[in-house]
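These are my notebook entries on one protein model. I record each item that I looked up, in the order in which I took it.

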Amino acid sequence: WLATSSWSEYRALQDSSVKFSAVYIVSPDPHTLAQFYQVVFQAEVVEAGYAASLKTQGYGDAGPLLHFMQASDEKDSGPLRVYEAGYAHLCVEAEHVPAVVRSVLAAGGTILSTFDDPERVPGIYVMDPDGNVIEIHVPFPAPFTPSTLWRTVTALFNSMLDRGEEENEVIRFLHININTPDWKKLVAFYEQGLGAAVTGFKRDYQGSFIERITGVDGAVVQGRHVALPGYSIGGPTAEIFTYNQPFDPGRPGLEGNGGPHPCSR
């Protein structure tokens, strides 16, 4: 990585037999919701046979897709809250978090985190117009190279001081978050079922920061990330978490509002 920047570039692997391909998001108005993601996260419209489909940035021309599907009028369960069991949020990274937060608000989204100054933080949770949760934070240096480390440092500086460019060249899709009563059991499933490998460090969050970023009082969170197949190092992951909060036993169906799911092919 001292001689070339290719190690720091994120890309889909052409020879992968299994690849994480899409996240499905169900909405009573999928076209309007897709416009929010298109404007805020600079996602590209593609033709994929759903109500609306967008291609995310950050992986050349092969980023994961966001498919928006029509919710049934008969079953409208609403989005999962941050700590409820199931797919609870998706995450993107940005080099200027405050600019993205302002774009979210201008497009009809809201802030979920409870920071005193939400436009000067390295990471934050917001909600789209339907109430689905999105995490936005500065890039992490993964894989660890001079290029990714410099990107992290400059993004942290720009976000904490709200300086730099207002428009980001790339807002990269980073992970899906899935909550479960037993994160170790679910991680083992992804390892054995999809050949996904654990990555990063074990998460063990508690205290004021995790309470403020999630908006959940007294939150204690444990878990691990697994690398989803089909991408180079630093590609999309599944964030498997267990919260100390009681889970809602109800589950939205595929046709219910806020019933998204990840897809591999």
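Which strand gives the most to the lining of the largest pocket? I looked this up in the model, which is a predicted one. I found that strand 10 gives the most, with six residues.

**Entry 1: the largest pocket**

I noted that about 820 Å³ of space lies in the largest pocket. I then listed its lining, which comprises 40 residues; the closest to the centre of the pocket are His137, Phe140, Leu174, Arg203 and His225. Next I sorted the lining by class and recorded 23 nonpolar, 11 polar and six charged residues.

**Entry 2: helix 1 and helix 2**

I turned to the pair formed by helix 1 (residues 30-41) and helix 2 (residues 97-106). Their axes are 9 Å apart, and the two helices pack at an angle of about 150°. The crossing in which helix 1 passes helix 2 is right-handed.

Which residues meet where these helices touch? From helix 1 I recorded Phe36, Val39, Val40 and Phe41; in helix 2 they meet Val100, Ser103 and Val104. By class, this contact has six nonpolar residues, one polar residue and no charged residues.

**Entry 3: two details of the backbone**

I looked up the peptide bond that joins Ala142 and Pro143 and found that it is cis, with an omega of about -5°. Pro143 is found in the loop between strand 8 and helix 3 (146-161).

I then examined Gln42, which lies in the loop between helix 1 and strand 2 (44-45). Is the phi of Gln42 positive or negative? I noted a positive phi of about 55°, although Gln42 is not a glycine.

Methods
Residues numbered from 1 in each chain as written. Predicted model: local features only at pLDDT ≥ 70, side-chain atom pairs only at ≥ 80, totals over all residues. Heavy atoms only, no water. Axes fitted to C-alpha atoms, helices over the stretch in contact; angles between N-to-C directions. Helix = DSSP H or I, 4+ residues; strand = E, 2+ residues; numbered from the N terminus. Left-handed = near helix turned anticlockwise from the far one by under 90°. Contact = heavy atoms within 4.5 Å. Nonpolar A, V, L, I, M, F, W, Y, C, P; charged D, E, K, R; others polar. 1 Å grid on protein atoms, 1.4 Å probe; cavity = no way out; pocket = protein on both sides within 12 Å on 5 of 7 lines; lining within 4 Å. Points joined across faces, edges and corners; volume = space filled by probe spheres on them.
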